[in-house]
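Hi everyone, thanks for coming. I'd like to walk you through one model today, so please have a look at it with me.

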Amino acid sequence: MKNIKAVFMKQILDTIKNKTVFIQFLMFPIIAVVMENAVKIEEMPEHFFAKLFAVMFIGMAPLSCMSAIISEEKEKNTLRALMMSSVKPWQYLVSVGAYIFIMCMVGMSVFAVLCEHKGKALTIFIFCTAFGIILSELAGAAIGIFSKNQMAATSLTLPIMMIFSFSPMLSMFNETIKKIAGITYLQQISNILNGIGMSEISAKSVVVIAANFAVGLVLFTAAYKKKGLE
């Protein structure tokens, strides 16, 4: 716990200095607040922008932050120094993952307030978005570990992040994209968030999200076995 706490505090200090990472936690909640209060269109679904940007936040912030932090510290040899200072790889990953998870959940609380969820609806919203954040962190960790440096990580992260994050929005206007995006966890999370209070969570959504988690775990394990955190 001492090592985990030390790395956790290190990430807080690093984020204060690293504006690129810090803005990822603020951008979408702020945009959602502005859009929810500034844009009013007839027949637009209730809390449309809050739900839309919540899904995009899940797909972008944890994934990009996780890959950026790991790849940057690999490039600057910070990880090597940590490993030599008795910090085990799992302790480092737990610390970074917990830090990003907490920061993202703070941002997600803004979306929960905007959506005005209470009781069972709030529980479903928090649980669903929390699991989505963990899935994105897993993907980000795999990319960060696999990449040689931060530039390589950015090159991999950007297209993956854009495809996954924007597909739920594009699927609203194109049935073909909707069918293809249906195999991704973000599309299913979007379906669940949009159906809160109106429909039950479908078995398909649960199966797809579980399958995505299994695939993410396999990719992370493969990247870790091949590259490690040396």
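Predicted model: local features only at pLDDT ≥ 70, side-chain atom pairs only at ≥ 80, totals over all residues.

Residues are numbered from 1 along each chain as its sequence is written, and side-chain values use heavy atoms, with hydrogens and water left out.

Now the overall picture. How many helices and strands does the protein have? There are ten helices and zero strands; here helices are DSSP runs of H or I with at least four residues, strands are E runs of at least two, and both are numbered from the N terminus. Read along the sequence, that gives α-α-α-α-α-α-α-α-α-α. The radius of gyration is 18 Å, close to the 17 Å that the globule rule gives for 230 residues, so the protein is as compact as a globular protein of that length. That radius is taken over C-alpha atoms, and the globule rule is 2.2 Å times the number of residues to the power 0.38. Along its principal axes, the C-alpha trace spans about 60 × 30 × 30 Å.

What about the surface and the inside? Of the 230 residues, 47% count as buried. The accessible surface comes to about 12,300 Å², and 71% of that belongs to carbon and sulfur atoms; areas come from the Shrake-Rupley method with a 1.4 Å probe, and for residues only the protein chains shown count as cover. For contacts, meaning heavy atoms within 4.5 Å, we can look at residues at least 6 apart in sequence: 76% of those contacts join residues at least 24 apart.

Let's zoom in on helix 2, which covers residues 19-38 and holds Leu-26. Leu-26 counts as partly exposed because its relative accessibility is 37%. Together with Phe-22, Ile-30 and Val-34, Leu-26 makes a nonpolar surface patch of about 330 Å². Patches are made of residues with over 30% relative accessible area and no salt bridge: like charges are joined within 9 Å, and nonpolar side chains (Val, Leu, Ile, Met, Phe, Trp, Tyr) within 5 Å. A salt bridge, in turn, is a side-chain nitrogen of Lys or Arg within 4 Å of a carboxyl oxygen of Asp or Glu.

Next, the loop between helix 2 and helix 3, where we find Val-39. Val-39 is partly exposed, because its relative accessible area is 23%. Leaving aside residues up to four places away in sequence, Val-39 touches Val-34, Met-44 and Phe-49. The C-alpha atoms of Val-39 and Phe-49 are 9.0 Å apart in space, for ten residues in sequence.

Is His-47 buried or exposed? It counts as buried, because its relative accessibility is 14%. His-47 has a positive phi of about 55 degrees, although it is not a glycine. Its side chain makes a polar contact of 3.5 Å with that of Glu-46; such a contact is a pair of N or O atoms within 3.5 Å, where within protein one must be able to donate a hydrogen and the other to accept it, and residues adjacent in sequence count only if both atoms are side-chain atoms. Beyond four places in sequence, His-47 touches Glu-36, Leu-114, Cys-115 and Glu-116.

That brings us back to Glu-116, in the loop between helix 5 (89-115) and helix 6 (119-146). Glu-116 also has a positive phi, about 60 degrees, and is not a glycine.

Finally, Ser-167 in helix 7, residues 150-170. Ser-167 is buried, because its relative accessible area is 11%. Its side chain reaches the backbone oxygen of Phe-164 at 3.0 Å. Among the residues Ser-167 touches are Ile-177 and Gln-187.

Technical notes. Buried < 20%, exposed > 50% of the residue type's maximum accessible area, 1.4 Å probe, protein only.
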